[in-house]
Structures are given as C-alpha cells and as structure tokens.
Amino acid sequence: MGLDIRIPIGLMFSILGLILVLFGAFGNPAIYQRSMGINVNLDWGMVLLVFGGLMLAYGIRGGRRAAAAARGNTSGKQSRPHDTKN
Amino acid sequence: MNLTLIDWLIMFVYFVFVLGIGFALKRYMKNSTDFFLAGRSLPAWVCGLAFISANLGAQEVIGMAASGAKYGIATSHFYWIGAIPAMVFVGVFMMPFYYGSRARSVPEYLSLRFDEKTRGLNAISFAAMTVFSSGISMYAMAKLIDVLHILDHPLAALGLPHSWTFHVSVILSGVIVLIYIFLGGLTSAIYNEVLQFFLIVAGFLPLVMLGLKNVGGWSGLKHDLPSNFTHSWQGMSNAHTNPLGVEWFGLVMGLGFVLSFGYWCTDFLVVQRAMAADSMSAARRTPLIAALPKMVFPLIVILPGMIAIVVPKMVTAANVTGTGTQISSTAPQGKGLIPVKVDPTTGKPMFNADGKPVLDYDLAMPNMLLHYCPTGLLGLGLTALLASFMSGMAGNVTAFNTVWTYDIYQSYIHKNASDEHYLWMGRMATVFGIILSMGAAYAATRFNNIMDFLQLVFAFVNAPLFATFLLGMFWKRTTGHAAFTGLLSGTAAAAIHQGLTLPEGAVAGIKGGWLGLVHVYPSDMAQNFWTAIWAWTTCFVVTILVSMVTRPREEKELVGLVYSLTEKPSEGHLPWYQRPAVLGVFVLSVALLLNIIFW
C-alpha cells in the first residue's frame, strides 16, 4: 500500500507527546496530587515524543529506500521477497 | 466527569488521524483485492499488530480488567494457555493452506477443501456473528460513555437531554468506522488497528506504572492480595480450590485447546489480517509476531484490575485526596475502586441470593483511569478506551463485508459480475453491516436476554469448528459430507450438553438446564469449557466416521489444501529470526517461562 503507516503513527504520537509536554510544563501543578505528585503529563509526553520521532524517522528512511529501489528497478515496482507458490 | 479542553484536544487529534488514514488510502483502492485483502501487500509486523488489535476490543480491555479484579492473575490463562499455543499453531502449520491456497476468506477455504454447503454454513453463521459482535461492542461503548458522563457537557451545551448519550455514541462510532472502512477497506482497518494498538499501550501503561508504584510494586500487591490471586496455577488441581472454579483438565482442554484453537485458527476476523500479508513467510509470521505483545498484555489489561481492588487503603497512606470524580468508589460495600452494582431500573444497589452486594467489576478499568490520571493523561486513557471499542467494531465490519461479498453474494446471489461490481458491493456491505450493528446495539438495550441467547448459539456453532479444520488440513480422507454433518452434530452436542447442565447457584434457563439436569458445574466457566469439549469431540468423531463411509475427493484436487499433499514452504532463504518454526519455539518458551514465574 502506498502509505507507510509509520508516518501517521509518528506524526500522531509526536503531536500527542507535544500536547502533554507543554501542558505538563505550563499547566497547573496541583492536578498531580492524584498521580502521587508525579508530573505524569510531562514525563509520559516525553516518552511519546521520542516514540513518535523514532517512528517518523524510520518511516521517512523506509520511504527513501523504497524510492531508491524503485529508481533502480526498470519496471518501477518495488521488488518483493520471493514468495512460495503452491 | 469534567473533561477539560486538553482531554478533548487529545481525542480530537486521534479522530483526525483515524479519518485521515481512510482519506489517504482512498486512492489506492483500485480493485476488490485492494479493498478486501489490502492488496496482499502489508509487512508482517503491521499484520501482526492488527492481528491482536482486532481482537483487543472493548470486551477484552474492560472484561480482562474485570476478571483481574475478580480472579486475579489466573485470568492470564486466557493469554498464556488460551491464545499463545493456538497462535503458534496457526502460524506454523495452518497458514500455508490459508495463504497458499489463495483463498480469499476462511469460508472460501472450506469450499475449496470440502464443498459449498460447508462453506455456506460457515459463511452465514460467521456473517451473522460479526454483525452482532460489532453491535455488542457499540452497545458496551455507549453504556460506558453514559456511565462516565463523558458527553454530559457537550450535550448540555447543545441543549440536548442526557438520554441522547446513547444515540449520539452509537451513531458517532458507527459513522466514524463507516467512513474509514468505506474509503480504505481492510488496509484502513488494519492501519487503524496498528494505531490503536500503540494508543492502547500509551494510554494504559502509565496507569499500570502509577498503580504499581502506589501499591508498593508487585511485592506490595502480593502482600495485599490473597495468595491465589497472585499465583496462576495454585489450586488448579480441583475446581473448588481456585478462583476460576475450573480444574486444570477442563482449563487446558476446554480453553487451551478447543476454544482457543477454534478462535485463533479458524476465525476469519483474525485470519484475514494474516491473509493481507505481502508474502507466505510474512503471513506465517503474522500470528507469531502478534504472540509477542499478546504474552505481556496481562500486564496492561489484567494488572489494573488487581490493583483496583487494593487501592483505597494505599490512597490514605499516599495522601491522595479523592476529588469526587470516581464513580461511587466510596460506596459502603464496594471493594477498592470497584463499586457495588446498581440496578439500572431502580437505582438501588444489587445483592445476590446470599445477601452479599454484587460488585460492578466492569468499572475496574474506568475507575482506575479516573483515580490516577490527571487531566491530559486522562484524555489519553479515555481515547485509548474508545480506540479499543472501535478496533473491535472495525475488525468485525471488515470480516463481514468480505464474507458477505465473496462467500454469500458472489457465491449464491450474483456469480459472474465484474470486479468493480464486487468492490461496490463491498462498500455497500460496509454500510448495511454497520446499520445492522446499530440495530443490534439498540436490540441489546431492550432485550438483553436475546443478546445472551445469540452469543450462546454462536458459541455452539464455533466450538466444533477446529475439529473440522484439523481433519480437513491434516487428513486427506476427510470428505465434505463428513465435515458438514460433523459441524452440525458438534453444534447439537454443545446445545444438548448445555441443556443438561447448570453452573452452581444458577436457575434453569439461559444458563442451561432447559432439557433436564444431569450435572452441576462449580462455575459458568467450567460449564462453558466442558460444553466446548463435548462439541469438539462429537464433531471430531462424527467427521471421521462419516468420512469412512463417503467417497473422498481425488488427491490431485487437494494439492495445496491438505498437509500431506502440499509442498512445505521453503524457509531456507530467510534469516533465522524470520523463520516461523524458530519464532514459534521462542514464543512457546517465553510463554512457558511466564507460567513458571507466576506459578
């Protein structure tokens, strides 16, 4: 399929991570009473940001490789692993 | 409950991506293979995550947390015994026939291997089942949205009464799933399932970490719970000495063999995800890759339930003040965060026959979220919960539109139409499949017993299935007549067994005993497992007997469909870590290790 799922996953988690990080950094700290004083929005937001970034990086790298493979292949089709036919 | 702007923003971002994926994929849907089988072009890890995500519906997230609160770590048998071995089996041994035969669905495999009547029986019962499961998912989601008062503020702002919560939830979830499947077909469903998989982990993992920290880690939890809650095999030698109320043989045979293999190896809802893979080896790796996260899922879905029943004592120690948002967690007879069940018609707490309060275990997960998650993380957790409802629904809808179009419409209604016509029919099937699900959701609000009854009937239909597939794939002598009669007699055996037995403390009716009473089981679960064992055994024996007296098909017609007549897929070109057999052994070893650790 033409769309690499890593790109939307990466984008979505980067955005969600960013929202949580910003809210954790600038929001009212009183709300963290229920999470035992831990600013979970900031901490978990950073985890999501890293995950999203990694997914994006792999997705973009994968896209570049596929494009390079397509250029190298005269039929313009990405080569597939050999399939066992019965 | 008061959701703030941040929580809504997180939910909004998620829905933008869900629909965005559908729109982005629209232009790739050129023929029916693209729509129903994702063009058989997806990598193994994507199919693998979709494979478990399609099964990770609401029933699983809410239900497993509820079981965790009710039975403790023994609930993980549903994973380590009730899923992993079957997932390894389908990947290593069965996928070569599903994928290799180029069948486009599980019922189509049955028509290639046996005959049209066996396919028809499977296709029609399966199609009906998917519609009802998707309806039940919608119903459960609407109920939860109602209980958590998520839509109260938006509805009030629009001037609509609170009673509209149900309508708005059902219609909104239906329309969203409809849009993204209508546009992007199976690919869209699979991509969204992968997104949902990560979201569920992202939403629930911090909850588990906070909860564990609060109760003093695993050792703290062990200290506060009865010992059979933290040891999965303790007391399993006798049904009366363990929380599940079932003995090890019933558990291993009923759950671990019949029900689990019947689901993971023959249910098109999950098998379809593997059929979308880009090669035979990717298709075989799909369930094996799925098994890896599946094994550790008890951590995310069962542990919160276990933490929920010990929490309040710890709360005072950790000095967390209740902010009044958790639903009646302070009700006098509740247990931890689990409140007493309230009768929806009278609004009064419910009591069982012994006068003990009935606990509403289904609220374990939602109450944990409300208890630990501040604004922000709460939005993420609720979004994950909604995602799990939608992935369960979408999985059913894509399985339905494929079976309807290929196995019912193309086979019996309109045979030789163009591919465009079938693509169009697939889209139409998505529309009316969702409309029927909505109808089922409304039916559930009025006749709860009818839903229970239907689920029971489907359990009867499913229980014998694996016997048919096992014989069909591994014994070339098995005939179509035998498969058909075997399935029918298996279903009959299930019904008769259920009709003659009852779980302890139940009255004759939907729980069984409607034919008379021969045996009383210590629990519902024991009765279910034994019903399945009877159904499977009957189907297995009848299929063998009828095969012996009917004429088998020519061997040359069965090449690619039966084990002994099919060339083994070569794995020589794959690196060792991609070989299904190696992965299978690894997965089984880790599952064994987990059983030993939590013995």
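User: How do the axes of H10(B) and H19(B) cross, and within what distance do they come?

Analyst: They come within 6 Å and cross at roughly 140 degrees. Axes here are lines fitted to C-alpha atoms, for helices over the stretch in contact, with angles running from 0 to 180 degrees between N-to-C directions. Before we go on, this is a predicted model: local features need pLDDT of at least 70, side-chain atom pairs count only at pLDDT 80 or more, and totals for chains, interfaces and linings use all residues. Residues are numbered from 1 along each chain as its sequence is written, while chains are lettered from A and ligands numbered from 1 in the order in which they are written.

User: Why are H10(B) and H19(B) called oblique?

Analyst: Look at the cut-offs: under 35 degrees is roughly parallel, over 145 roughly antiparallel, 65 to 115 roughly perpendicular, and the rest oblique. The pair crosses at roughly 140 degrees, and H10(B) and H19(B) are therefore oblique to each other. Their crossing is left-handed, the term for a near helix turned anticlockwise from the far one by less than a right angle, with clockwise giving right-handed.

User: What makes H6(B) and H13(B) oblique to each other?

Analyst: Helix H6 (residues 84-100) and helix H13 (residues 248-266) of chain B have axes that come within 8 Å and cross at roughly 50 degrees. That angle makes H6(B) and H13(B) oblique as well, though the crossing of H6(B) and H13(B) is right-handed. Where they meet, H6(B) brings residues including B:Phe89 and B:Met94, and H13(B) brings residues including B:Gly256 and B:Trp264. By "contact" I mean two residues whose C-beta atoms, placed from the backbone, lie within 7 Å.

User: Why is chain B said to be as compact as a globular protein of its length?

Analyst: First, its secondary structure comes to 25 helices and two strands. Those are DSSP runs, helices being H or I with at least four residues and strands E with at least two, numbered from the N terminus. The radius of gyration of chain B is 24 Å, close to the 25 Å that the globule rule gives for 599 residues, so chain B is as compact as a globular protein of that length. The radius is taken over C-alpha atoms, and the rule is 2.2 Å times the number of residues to the power 0.38. The C-alpha trace of chain B spans about 75 × 55 × 50 Å along its principal axes.

User: Why does B:Ala38 count as buried?

Analyst: A residue is buried if 20 or more other C-beta atoms lie within 10 Å of its own, exposed if 12 or fewer, and partly exposed in between; C-beta atoms are placed from the backbone. B:Ala38 has 31 C-beta neighbours inside 10 Å, so it counts as buried. You'll find B:Ala38 in the loop between helix H2 (32-37) and helix H3 (44-53) of chain B. Across chain B, 57% of the 599 residues count as buried.

User: And why is B:Trp8 called partly exposed?

Analyst: With 16 other C-beta atoms within 10 Å, B:Trp8 is partly exposed. B:Trp8 sits in helix H1 of chain B. Leaving aside neighbours within four places in sequence, B:Trp8 is in contact with B:Leu3 and B:Gly379.

User: What phi does B:His149 have, and where does B:His149 lie?

Analyst: B:His149 has a positive phi of about 55 degrees although it is not a glycine. Most residues other than glycine have a negative phi. B:His149 lies in the loop between H8 and helix H9 (152-157) of chain B, and it is partly exposed, with 16 other C-beta atoms within 10 Å.

User: How do you know that the length of H2(A) agrees with its residue count?

Analyst: The expected span is 1.5 Å times one less than the number of residues. The 33 residues of helix H2 (residues 40-72) of chain A should span 48 Å, and the end C-alpha atoms are 48 Å apart, which agrees. Among its buried residues are A:Trp44 and A:Leu48. What covers the buried residues of H2(A) includes helix H1 (6-26) of chain A together with helix H10 (165-215) and helix H19 (377-413) of chain B.

User: How many residues of chain B are in contact with chain A?

Analyst: 47 residues of chain B are in contact with 30 residues of chain A. The largest share of that side of chain B, ten residues, comes from H10(B).
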